[in-house]
Amino acid sequence: PYPNGANYGASKAFVNSFSKALATELDGQGVRVLALCPGFTRTNFQRNAGISRTPIPVWLWLSPDQVARDGLAALDAGRSVRVVGRAFQAWAGLTKLVPDVVIRRGLKRAGGHRT
């Protein structure tokens, strides 16, 4: 969850939960389900949406090929959710260890909002 991104965060949480449930329901039926969570990926999405890439460090950007390879490997391994990229995996792991209120306050401060 982050400021001004309530719908985005809620949608991602739904897709992840839905993918896990669907993967369990379809287990053994020849259908595999994967929610792929790639973080920043070099595509035309940002340009077409009018979003600047400038504030995001270059090292955080993933290539579409890297995302596809990692997603296919996760699917082959039977995973139902896959976070791609070491930085994003670290962030996802950290959010499981740090209390939610601390993360929300930090994101709020980083976004320039007052607490």
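1. **Before you start.** This is a predicted model, in which local features need pLDDT of at least 70 and side-chain atom pairs count only at pLDDT 80 or more, while totals for chains, interfaces and linings use all residues. Residues are numbered from 1 along each chain as its sequence is written, and side-chain values use heavy atoms, with hydrogens and water left out.

2. **The overall plan.** The protein has five helices and two strands, and along the sequence they follow the pattern α-β-α-α-β-α-α. Here helices (H or I, at least four residues) and strands (E, at least two) are DSSP runs, numbered from the N terminus. Along the principal axes, the C-alpha atoms fill a box of roughly 50 × 30 × 25 Å.

3. **Surface and interior.** The accessible surface comes to about 8,400 Å², and 57% of that belongs to carbon and sulfur atoms; such areas come from the Shrake-Rupley method with a 1.4 Å probe, and for residues only the protein chains shown count as cover. Of the 115 residues, 22% count as buried. Buried means under 20% relative accessible area, exposed over 50%, and partly exposed in between (1.4 Å probe, protein chains only).

4. **An aromatic cluster worth a look.** Turn to Phe 40, Trp 61 and Phe 88, which form one aromatic cluster. Rings of Phe, Tyr and Trp (its six-membered ring) pair if their centres lie within 6.5 Å; planes under 30 degrees apart count as stacked, over 60 as edge-to-face and the rest as tilted. By this rule there are three aromatic pairs. The rings of Phe 40 and Trp 61 have centres 5.4 Å apart and planes at 45°, so this pair is tilted. Phe 40 sits in the loop between β1 and α2 (45-49) and Trp 61 in the loop between α2 and α3 (64-76), so their pairing ties together parts 21 residues apart in sequence. Phe 40 also pairs edge-to-face with Phe 88, at 5.7 Å centre to centre and 65° between the planes. Because Phe 88 belongs to helix α4 (residues 86-97), this second pair ties the loop of Phe 40 to a part 48 residues apart in sequence.

5. **How covered are these rings?** Trp 61 is buried, with a relative accessible area of 7%, and Phe 88 is buried too, at 16%. Phe 40 is partly exposed, at 30%.

6. **The core.** Trp 61 and Phe 88 also belong to the largest nonpolar core, whose seven residues include Ile 56, Leu 60 and Val 84. Such a core is a set of buried Ala, Val, Leu, Ile, Met, Phe, Trp, Tyr and Cys residues joined through side-chain atoms within 4.5 Å. In soluble globular proteins, nonpolar side chains tend to be buried together.

7. **A buried serine.** Ser 80 lies in the loop between α3 and β2 (81-83) and is buried, with a relative accessible area of 18%. Leaving aside neighbours within four places in sequence, its contacts (heavy atoms within 4.5 Å) include Ser 19, Lys 20 and Val 33.

8. **An exposed glycine.** For contrast, visit Gly 30, in the loop between α1 (6-25) and β1 (35-37). With 77% relative accessibility, Gly 30 counts as exposed. From Gly 30 to Ala 10 is 20 residues in sequence and 29 Å in space, C-alpha to C-alpha.
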